[in-house]
Amino acid sequence: MAITAESLAGLASLVSGPVLRRGDAALAAEVAAQNTAVVHDPEVVVGATSESDVAEAVTFAVANGLPVRVLATGHGSQVPVTDGVLITTRRLDSLTIDPETAVATIGAGNRWRSVIAAAAEHGLAPVAGSSDNVGSIGYTLGGGVGPVARTFGFSSDFVRGFRVVTAAGEVVTAGPDSNSDLFWALRGGKGGLGVVTSMDFALVRLSTLYGGALFFDEEHIPAVLRAWAAVTETAPEEATSSVTVVRFPPFDVIPEPFRGKTVISARFAYIGDPAVGERLFQPIRDAAPAFLGEVGEMPASAMAMIHSDPTDPGPVWDRGMLLTGIDGDFVERFLEIFGPGREVPVIAAELRHLGGATARDVPEGSAVGGRGAAYTFVMIGVPDPSLFDTVLPAVADGITAQLSPWVWEENNINFAGGLSVPGSFEASWPSAIFDRLAEVRRHYDPTHVFPYPDRKR
Ligand SMILES: Cc1cc2nc3c(=O)[nH]c(=O)nc-3n(C[C@H](O)[C@H](O)[C@H](O)COP(=O)(O)OP(=O)(O)OC[C@H]3O[C@@H](n4cnc5c(N)ncnc54)[C@H](O)[C@@H]3O)c2cc1C
């Protein structure tokens with residue numbers, strides 16, 4: 001159905017935020033994504049300023065036979081949106097903290113950064129992701145595995161309720177006592193369910209922790225990787241850790257002392273007595289001399305420093321998977337691929353330790369995929385978009401095949417990359433959860449107003 005100027009003017013009269021049409025000069029900036037390799041060009045954009053704006057945008061889309069998608073920060077943008085209505089949520093930035101109940105009510109436009117800062121004023125912290133620049137809601141809808149995941153679990157375990165605009169253009173609450181099937185689905189099921197306008201999110205009482213990261217030169221990759229793998233074999237669930245091999249390009253934008261260098265970084269977080277944390281981390285510290293970094297007592301509000309994920313927008317290609325476990329053979333195979341002197345078009349290869357609280361579902365159940373995984377493994381390709389559809393998928397296929405004895409058939413949607421691998425969408429949840437999610441989607445969105453997933457071809 002063609003969108004008429006009248007219908008668009010009607011929509012604009014009902015919403016307070018900007019309503020843009022393809023070709024409008026302001027559209028590109030409104031839909032710019034953190035992943036700059038993806039350029040969205042939908043037919044209509046609604047910059048929502050309220051729940052009512054979201055509901056009007058959905059109602060307009062349904063009346064005109066158009067699909068609806070959501071853009072918060074664009075950290076998860078993998079495929080350009082080229083049709084329908086795109087609702088941008090960044091103006092939905094309301095945020096309140098109830099220090100009595102330790103629950104934050106987080107509007108859909110918030111990034112973790114603002115939630116972390118507001119919670120810290122009360123000695124509280126959200127169980128957030130590695131990057132405080134990521135959108136709180138987009139991240140949590142996929143489950144969310146962060147730097148203290150083994151102690152606290154998936155971030156979606158902390159949601160107490162959502163407000164959602166459904167395909168019927170109605171605002172509903174989804175919680176343990178209302179639309180409980182939608183609540184179950186939104187805690188890990190990610191897309192195709194509606195537009196979440198806010199969520200109630202339980203915070204944890206946490207002011208400090210023992211944590212940080214150390215950086216080691218390329219020659220020390222084997223020693224540090226082996227030490228880390230050994231530490232994870234016996235680590236209690238109060239300890240969450242990860243390693244990443246990073247090949248920094250020789251570009252001016254990369255600060256010294258990283259420019260042009262290959263390094264391994266070991267990250268660590270311990271919730272509890274710092275002396276115990278220090279003892280647990282000691283074998284990694286002793287593995288080799290670090291050239292930079294610090295692991296010690298730190299404010300919980302600085303947790304994003306543990307991973308120090310990049311915050312500037314740029315082109316990103318990634319592929320992630322879950323591992324059933326790792327052993328000595330895995331470590332040697334990993335070193336053959338990413339060890340000193342290896343040339344591979346992957347700028348970062350990251351392993352995170354899972355288990356502990358991530359293995360335990362919430363009592364009422366939730367739709368998260370990957371609860372049984374022991375580790376995550378993510379590859380980030382060289383930031384050259386000309387390789388994104390050709391070289392990098394083939395390289396990632398080859399590496400995945402080499403690591404196949406340890407790769408789990410099940411994944412988590414936040415780690416599955418562009419879903420370009422056949423079957424990767426279906427594999428992002430256990431099959432029983434996948435089937436139940438499909439049922440919940442059919443119930444709340446019978447006419448596919450919210451197309452999901454968008455896949456890379
Ligand atoms: C640097 C970086 C670090 C990351 N770290 C972690 C990590 O530690 N752990 C982890 O689990 N994941 C991590 N991720 C993955 C991240 O959680 C996903 O990419 C997530 O989808 C980003 O959400 P967003 O809202 O910021 O991005 P967007 O691209 O804006 O949104 C992604 C998708 O989320 C959905 N969505 C967003 N907002 C809404 C809403 N209000 N209503 C309905 N649907 C919505 C839509 O399907 C949308 O397409 C990371 C990604 C990056 C790039």
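A: Contact means heavy atoms within 4.5 Å. Axes are lines fitted to C-alpha atoms, for helices over the stretch in contact, and angles run from 0 to 180 degrees between N-to-C directions. Helices (H or I, at least four residues) and strands (E, at least two) are DSSP runs numbered from the N terminus. This is a predicted model, in which local features need pLDDT of at least 70 and side-chain atom pairs count only at pLDDT 80 or more, while totals for chains, interfaces and linings use all residues. Residues are numbered from 1 along each chain as its sequence is written, and side-chain values use heavy atoms, with hydrogens and water left out.

Q: Which strands does helix 4 lie across?

A: Helix 4 (residues 112-120) lies across strand 5, strand 6 (103-107) and strand 10, and runs at about 35° to strand 5.

Q: What is the order of the strands in the open sheet of five?

A: Strands of a sheet pair through backbone hydrogen bonds, either parallel or antiparallel. Two strands are taken as paired if DSSP finds at least two bridges between them. Here the order is 5-6-10-8-9, with antiparallel pairing. Strand 5 (95-98) and strand 9 (171-174) are at the edges with a single partner strand each, so one side of each has no neighbour in the sheet. On average, neighbouring strands of this sheet are turned by 15° against each other, direction ignored. Four bridges join strand 8 (residues 159-165) to strand 9, with R163 opposite T173. Helix 3 also packs on the sheet, touching strand 8, strand 9 and strand 10 (195-202), and its direction makes about 50° with that of strand 8.

Q: Which residues of helix 1 are buried, and which are exposed?

A: Buried means under 20% relative accessible area and exposed over 50%, with partly exposed in between (1.4 Å probe, protein chains only). In helix 1 (residues 5-14), S7, L8 and L11 are buried. They lie on the same side of the helix because they cover an arc of only 100° around the axis, the arc being that of the directions from the helix axis to the C-beta atoms. A5, E6 and S13 are exposed on the other side.

Q: Which residues come nearest to the ligand?

A: A residue is near a molecule if one of its heavy atoms lies within 4 Å of it. Of the 28 residues around the ligand, A72, T73, V145, K190 and V196 come nearest. An N or O atom in the side chain of K190 is 2.6 Å from a ligand oxygen atom.

Definitions and conventions. Polar contact = N/O pair within 3.5 Å; in protein donor to acceptor, adjacent residues only side chain to side chain.
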